[in-house]
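Have the sequence and the 3D view open as you read.

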Amino acid sequence: MSEIGKAIKFFYHYMKRYKIGFTVTMLAIIASTYFQVKAPVYMGKAITELAKYVIGLTRGVSDKGSFMQAIWMLLLFYVLTVVGMFISNIVVTYISGNSTNRMRRGLFGKLQRMTIKFFDSHQDGDILSRFTSDLDNISNALNQALGEIMMNIAMMIGIIIMMFHENISLAWVTIASTPIAIIIAVILISKTRKYVDIQQDEVGKLNGYINEQISGQKIVITNGLQDEAIKGFLPHNEKVRKATFKGQVYSGMLFPVMNGLSLVNTAIVIFFGGWLALNGDMARTTALGLVVVFVQYSQQFYQPISQISSLYSMFQVAITGAKRLNETFDEPDEINPKDGKRLSGLEHGVALKNVHFGYNEGKEILHDVSMNVEKGHMVALVGPTGSGKTTIMNLLNRFYDVNEGSVTFDGVDVRDIDLKSLRDHVGIVLQDSVIFWERFEIILVSENRRQRMKRCMRLRNRRIFTISL
Ligand SMILES: Nc1ncnc2c1ncn2[C@@H]1O[C@H](COP(=O)(O)OP(=O)(O)OP(=O)(O)O)[C@@H](O)[C@H]1O
Ligand SMILES: [Mg+2]
């Protein structure tokens, strides 16, 4: 599936439940645009009425009713414009807040269901950046750009309608250059996209590297590896800088280029309007008035185009983020057999039968390994580093599946055993020990005090470990 396809699938999944919200937003935006476009009409009317009122005063007539009415209408239209914007803003904020919240929950839930293979093959920092930079980018785009873009599209449609209403040939002249503007925008945007993608990937790798370094910083210090750490860091940082720079250059070009096109377009409109005034069959004064109006329109018309293009880079990083999150969601979950056997202790023993296994295709780690361990026996696997001891433990827990052969508990293949039940029955002490938030203290105490302490700790649901010296 293409990148955009993946992003659309992702957004659709999280946005589909807000159909009503989107409809309300669209209606509010359309209404507010209508009021905004229409308000100047009442302003013109108010000025006309004011002039009439002043002229009336000189003749001794004082009727400001129509003037006041126009002012009230103007005020009403402005207020309604603001109300429309306010409603659309609130709804968009609600939608983006709730959907990012659900994305975060979904992502965290997904992480809990994924295989060890995923965590083995992705750096922690890279996974973390999906929660931070990718989700932040999505949330920013939804919060800041979504409403703006919808508003700008509505504004553009509104202006097109108004232009065709005023004068059809001038309207065509004004929008004639739009395809060129769109082609240029698409070229610049696709260039930007390429580098934003690279940038996000590189940021993920940089985060991964920093994360690894920080967790191993003590080893770096004790072994005097600071220079090596910096040497490893610099290329990552440089790649991020390069990709960011190129992405920014292209996205930074969008706005000035669009502005330039808008100015050229205005010149064309003035030229054609002038020609129309001199050669057309319209009264010259009317034609001149039209030119002034269309100069306004042509600038207003380009404003949404450049706004949308400049906001697009924000959408771009969000699309990249959505693609990365979608890839995470597409990763396989751990397979738990349906109606898997539940273990209730071991009766006979554990066995590996002609096991072939490799983490990656084409690189086998275990070649035809068989062993039979009877219940009650204690077995030590001894071998040089990298010989496959941890790998066997990974297969016993079904963190990975064998390529060939089988791993059995009492003759039942681990693939037919309920995962939770299997792992409840296998205890592991990992090579790298991790101590969670519990506080550990080593206290030398007398036997008497030790018993008292044990009681207290049990009351507070804490465990006490004692080591005999
Ligand atoms: N997640 C993984 N992905 C790819 N290859 C791996 C993975 N984990 C281990 N390997 C490779 O599998 C082989 C066996 O590794 P394993 O960790 O089982 O060795 P070990 O006997 O436990 O070593 P040690 O004594 O260092 O703990 C090694 O060549 C290692 O590089
Ligand atoms: Mg090991």
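## Domains, helix packing and the ligand shell

The protein splits into domain 1 (3–330) and domain 2 (349–432), with bounds that come from an automatic or database domain assignment. The centres of domain 1 and domain 2, taken over C-alpha atoms, are 54 Å apart. Keep in mind that this is a predicted model, where local features need pLDDT of at least 70, side-chain atom pairs count only at pLDDT 80 or more, and totals for chains, interfaces and linings use all residues. Residues are numbered from 1 along each chain as its sequence is written, while chains are lettered from A and ligands numbered from 1 in the order in which they are written.

Now for the helices, which are DSSP runs (H or I, at least four residues) numbered from the N terminus. Two packed helices are described by the angle between their axes and the distance between the axes. Here the axes are lines fitted to C-alpha atoms over the stretch in contact, and angles run from 0 to 180 degrees between N-to-C directions.

| Helix pair | Angle | Axis distance |
|---|---|---|
| α6 (residues 168–175) and α9 (residues 226–279) | about 155 degrees | 9 Å |
| α5 (residues 124–166) and α7 (residues 178–215) | roughly 125 degrees | within 7 Å |
| α5 and α6 | roughly 140 degrees | within 6 Å |

Take α6 and α9: they are roughly antiparallel to each other (angles over 145 degrees count as such). Leu170, Val173 and Thr174 of α6 make the contact with Asn265, Ile268, Val269, Phe272 and Gly273 of α9, where contact means C-beta atoms, placed from the backbone, within 7 Å. By class, this contact has five nonpolar, three polar and no charged residues. (Ala, Val, Leu, Ile, Met, Phe, Trp, Tyr, Cys and Pro count as nonpolar, Asp, Glu, Lys and Arg as charged, and the others, Gly among them, as polar.)

The α5 and α7 pair is oblique. Residues in this contact include Asp124, Asp126 and Ser133 of α5, along with Lys205, Tyr209 and Asn211 of α7. Its residues divide into four nonpolar, seven polar and three charged.

As for α5 and α6, Ile160, Met163 and Phe164 in α5 meet Ile168, Ala171, Thr174 and Ile175 in α6. That contact has six nonpolar, one polar and no charged residues.

What surrounds ligand 1? There are 13 residues in its shell, and the closest are Asp120, Tyr359, Thr385, Thr390 and Thr391; a residue is near the molecule if its C-beta atom, placed from the backbone, lies within 6 Å of it. Helix α11 (residues 389–396) gives the most to this shell, with three residues. By class, the shell has two nonpolar, nine polar and two charged residues.

Key. Helix = DSSP H or I, 4+ residues; strand = E, 2+ residues; numbered from the N terminus. Parallel < 35°, antiparallel > 145°, perpendicular 65-115°, else oblique. Contact = placed C-beta atoms within 7 Å.
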